[in-house]
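Me: I would like to learn how to read a few features of a protein model. Please start each one with the general idea.

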Amino acid sequence: MIPKKTYSNSQPFPDTTRLVEPSLELNSIFSHAELLELVHSLELKREIPLKYGYKGPGGKIWHSFYQKYLIPQWFQPANVEIDLLQDNFDYINSQWLTSSDSSENYQRINIIDVGAGNSYPVKKLISRLVKLGRINKYIALDISQELLNVSKANFTQWFPQVHFESYRVDIENTPISPEILESEDIPKIFLHLGVTIGNHQDRSKALQNFRHSMNHNDLLVFTNEIGVNSQWDGIPRGGLKYHVDGIYRWMTDKLGIAAEDCQLVRKYDTITDSVTANIKFHRHYAINFRQLGIDKTVEVLADEEVTIWRHHKHQIPELMEELATAGLEIVHYSCNKYLSHIMVICQVAKSVST
């Protein structure tokens, strides 16, 4: 659980305060409930949750970043997610050939891809399962409708014979609806790739929501970076460099923050033990959300920072503790050859009743 940070802007601001109103376009990008959460987090935690960076223009920004920097090409032959799925395929595929509760064989499974993005990381996995006749259906879940559209276009082109469904879901806020998951007698693989678990504002809540979505026959497969966050060398790489740049531009633009009034700051945050990217304000701002239907003005002081991106690397003992707290247990894990990333396969803890 990430500690909450609270702020007080009870002191009057100087006359140099800039009063702005965010773009009306935000009403078409976010639901009213999402806007309320965004404003609440901005006011009390000085953070815009990263999950909202994937909505609206953010979906295109992320997809462009993925296509340019993460898809294997001649100058970049590997993708750590795809490689880890390949390395763990035999374990994943063998889990339901015989049920642990009986001699019944489970030949078909459902894939629930949470934070599916463009679905590219699962392409080889699905291809192998299709050849074995193991796929019942593939369900893509994401907070961003824009990315679900990309997922559908890609997946239905690659695998027209596989039943595809997609839904907007925020795993950090709620478990997955039983109406989406439907049949309880078909085992499910919940995928949460892209080291997304390390990006959540509240990892504990996300893991608990996975647990409440799962039955004892299901598996959760996720990836994250491993290491010590405080040892970050200060050099932005990957998403911290290229993805953050795009998020920063569209966030400041839609909130009405002038380019000369802020800068992008990347740093290690001791409070959350994470590497973060922040909007640092150079002058006092009052952001009035009234025209978006929220009677709230959020004031930000000069030199204050608002987090728009975060990532937390895990150390394995810490990871096991977080899973145990959520009612999950590791059944298998492996690291890549550089020991920089881990793929974790877990299930509902045997001591937990469904």
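Reply: Two strands pair if DSSP finds at least two bridges between them. Strands (E, at least two residues) and helices (H or I, at least four) are DSSP runs, numbered from the N terminus. This is a predicted model, in which local features need pLDDT of at least 70, side-chain atom pairs count only at pLDDT 80 or more, and totals for chains, interfaces and linings use all residues. Residues are numbered from 1 along each chain as its sequence is written, and side-chain values use heavy atoms, with hydrogens and water left out.

Me: In what order do the 3 strands of the open sheet stand?

Reply: Strands of a sheet pair through backbone hydrogen bonds, either parallel or antiparallel. Here the order is β1-β9-β10, with mixed pairing. β1 (18–20) and β10 (297–300) are the edge strands, each with a single partner, so one side of each has no neighbour in the sheet. On average, neighbouring strands are turned by 15 degrees against each other, direction ignored; the axes are lines fitted to C-alpha atoms, and angles between N-to-C directions run from 0 to 180 degrees.

Me: How many bridges join β1 to β9, and which residue stands opposite Tyr-285?

Reply: β1 and β9 run parallel and are joined by 3 bridges. Arg-18 is opposite Tyr-285 in β9. On the other pairing, β9 (residues 285–288) and β10 are antiparallel over 4 bridges. Ala-286 has Glu-299 in β10 as its bridge partner, and Asn-288 is opposite Thr-297 in β10.

Me: Which way do the residues of β9 point?

Reply: In a regular strand the side chains alternate between the two faces of the sheet. From β9, Tyr-285 and Ile-287 point one way and Ala-286 and Asn-288 the other, and all are buried. Buried means under 20% relative accessible area, exposed over 50%, and partly exposed in between (1.4 Å probe, protein chains only).

Me: How many cavities of 30 Å³ or more are there?

Reply: On a 1 Å grid over the protein atoms alone, a cavity is a set of points where a 1.4 Å probe fits but cannot get out, and lining residues have an atom within 4 Å of a point. Grid points are joined across faces, edges and corners, and a volume is the space filled by probe spheres set on the points. The count is 2. The largest cavity holds about 40 Å³, and its lining residues include Phe-30, Trp-250 and Lys-254. Helix α10 (residues 238–255) supplies the largest share of that lining, 4 residues.

Me: What is the volume of the second largest cavity, and which residues line it?

Reply: Its volume is about 30 Å³. Among the lining residues of the second largest cavity are Leu-42, Leu-255, Ile-287 and Val-306.

Me: Is His-312 buried or exposed, and what lies 2.7 Å from a polar atom of its side chain?

Reply: A polar contact is a pair of N or O atoms within 3.5 Å; within protein, one must be able to donate a hydrogen and the other to accept it, and residues adjacent in sequence count only if both atoms are side-chain atoms. His-312 is in the loop between β11 (305–311) and α11 (316–325). His-312 counts as buried, at 1% relative accessibility. The backbone oxygen of Asp-273 lies 2.7 Å from a polar atom of the His-312 side chain.

Key:
On a 1 Å grid over the protein atoms alone, a cavity is a set of points where a 1.4 Å probe fits but cannot get out, and a pocket is an open set with protein on both sides within 12 Å along at least five of seven lines; lining residues have an atom within 4 Å of a point.
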